[in-house]
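Subject: A structure to look at

Hello,

Here is the structure I promised to pass on. Please have a look at it first, and then read my notes below.

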Amino acid sequence: MTKQLLGAVCGTLIAGTLAAHAAPWRSIAIGGGGFVTGLAASTDGSAIYLRTDVGGAYRWDAPQAQWRPITDSLPNDVNNSGHLYGIGAIAVDPSNANRVFIACGKYNYSNPSGVYFCNDTRAENPQWTLIDPTVRVCGNSGFRSSGERLAVDPCNPDVVYFGTYNIGGVGGLRKYVCDGSWSTTTLATPVPGDVDRGISFVAPDPGGGSVSDGTRTVCKRLYIGIYGATDAEGGVFVSDDGGASWTKVTGLTFNKPFRGEVDPSGTLYVTGAGNVAKVARGSTAFTAITPVASLNYTGLAVDPNAAGT
């Protein structure tokens, strides 16, 4: 019943939009397999990427009007199971549209799995470098459309955050720093979240200021969504000191967040089980904006050029 109602609501909204704008919509072949589970774009919109649950990641080739695979060079596993083609998260460097980070792994037992980066996705066969082989990624799980749990620090492109799935004792917020080579630290979070879900999204506020982490400049205001079975085990949390400490956002029971994005004004928008809400910069309280009660909301996008859209 929930899916039918959501389909009816979405169908009405899409039909109304098409009628109002007469926009010609058509499907575009990807050339790979699986579901499309996430989209990411560069700051200026010049590069658009998508991730899939079993078919790798792709970049939009505007001159050819097609999706071009960018992860074909990833190593296969001994059983040719293609575990690294389950892309659990994707992030674009805000200062370089061609520099991309991905979290790879189909299931909680996938081996290999890990976080990789590529310095130039424009190359004919983009090459990927492994940053962290110790994390497990669930790119083909029932939670695959959550995100994005990877984020490049908008104040420092050599700092990257990854929200772990809480698998095999690996939990918390991973922080990767490149000082010639990559190093890994784990920022403590208030709760680890459910196993195989953990931190569902990481969302820095680009305009929220910067702070020193003791060694380098990083984004001051960070949001994370932690998926938990109860209110005590999950929620949305904000840090105003670069991830050193966290405060829970209150005002709604929001223990199962799916996706979170920050708009140009610094407002965080969040979708999840039964809720859509927003949090203004400087606040630690939710404002509910749920369109229809008792539905689960997943997909989310904000206009990078228009606050509140």
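**Notes on the structure**

Phenylalanine 286 counts as buried, at 10% relative accessibility; buried means under 20% relative accessible area, exposed over 50% and partly exposed in between, with a 1.4 Å probe and protein chains only. Before going on, please note that this is a predicted model, in which local features need pLDDT of at least 70 and side-chain atom pairs count only at pLDDT 80 or more, while totals for chains, interfaces and linings use all residues. Residues are numbered from 1 along each chain as its sequence is written, and side-chain values use heavy atoms, with hydrogens and water left out.

**Aromatic rings**

Phenylalanine 286 forms a tilted aromatic pair with phenylalanine 254, at 5.2 Å centre to centre and 35° between the planes. Rings of Phe, Tyr and Trp (its six-membered ring) pair if their centres lie within 6.5 Å; planes under 30 degrees apart count as stacked, over 60 as edge-to-face and the rest as tilted. Phenylalanine 254 lies in the loop between strand S18 (247–248) and strand S19 (257–262), and phenylalanine 286 in the loop between strand S21 (275–279) and strand S22 (287–288), so the pair ties together parts that are 32 residues apart in sequence. Strands here are DSSP runs (E, at least two residues), numbered from the N terminus. Phenylalanine 254 is buried too, with a relative accessible area of 2%.

The structure holds ten aromatic pairs. In one of them, tyrosine 107 and tyrosine 109 have ring centres 5.3 Å apart and planes at 15°, so this pair is stacked. Tyrosine 107 is partly exposed at 27%, and tyrosine 109 is exposed at 56%.

A charge also meets a ring: the charged end of arginine 149 sits over the ring of tyrosine 165, 3.6 Å from its centre. The criterion is NZ of Lys or CZ of Arg within 6 Å of the ring centre and within 35 degrees of the ring normal.

**The cores**

The largest nonpolar core has 20 residues, of which Phe101, Val115, Leu150, Phe162, Tyr176 and Trp182 touch the most other members. Such a core is a set of buried Ala, Val, Leu, Ile, Met, Phe, Trp, Tyr and Cys residues joined through side-chain atoms within 4.5 Å. Among the strands that each supply at least two residues of this core are S6 (96–104) and S7 (114–118). A second, separate core of 17 residues includes Ala40, Ala47, Tyr49 and Ala57. Phe101 and Trp182 also form one aromatic cluster with Phe117.

**Strand S7 and its partners**

What covers S7 is worth a look on both faces: Gly114, Tyr116 and Cys118 on one side and Val115 and Phe117 on the other are all buried. S7 runs antiparallel to S6, joined by five bridges, with alanine 103 and valine 115 as bridge partners. Strand S8 (residues 129–132) pairs with S7 in the antiparallel sense over three bridges, and there phenylalanine 117 stands opposite threonine 129. Two strands pair if DSSP finds at least two bridges between them.

**An open sheet**

Four strands form an open sheet in the order S1-S2-S3-S4, with antiparallel pairing. Strand S1 (36–41) and strand S4 (66–69) stand at the edges with a single partner strand each, so one side of each is left without a neighbour in the sheet. Between S2 (residues 48–52) and S3 (residues 57–61) there are three bridges, and leucine 50 has tyrosine 58 in S3 as its bridge partner.

Best wishes
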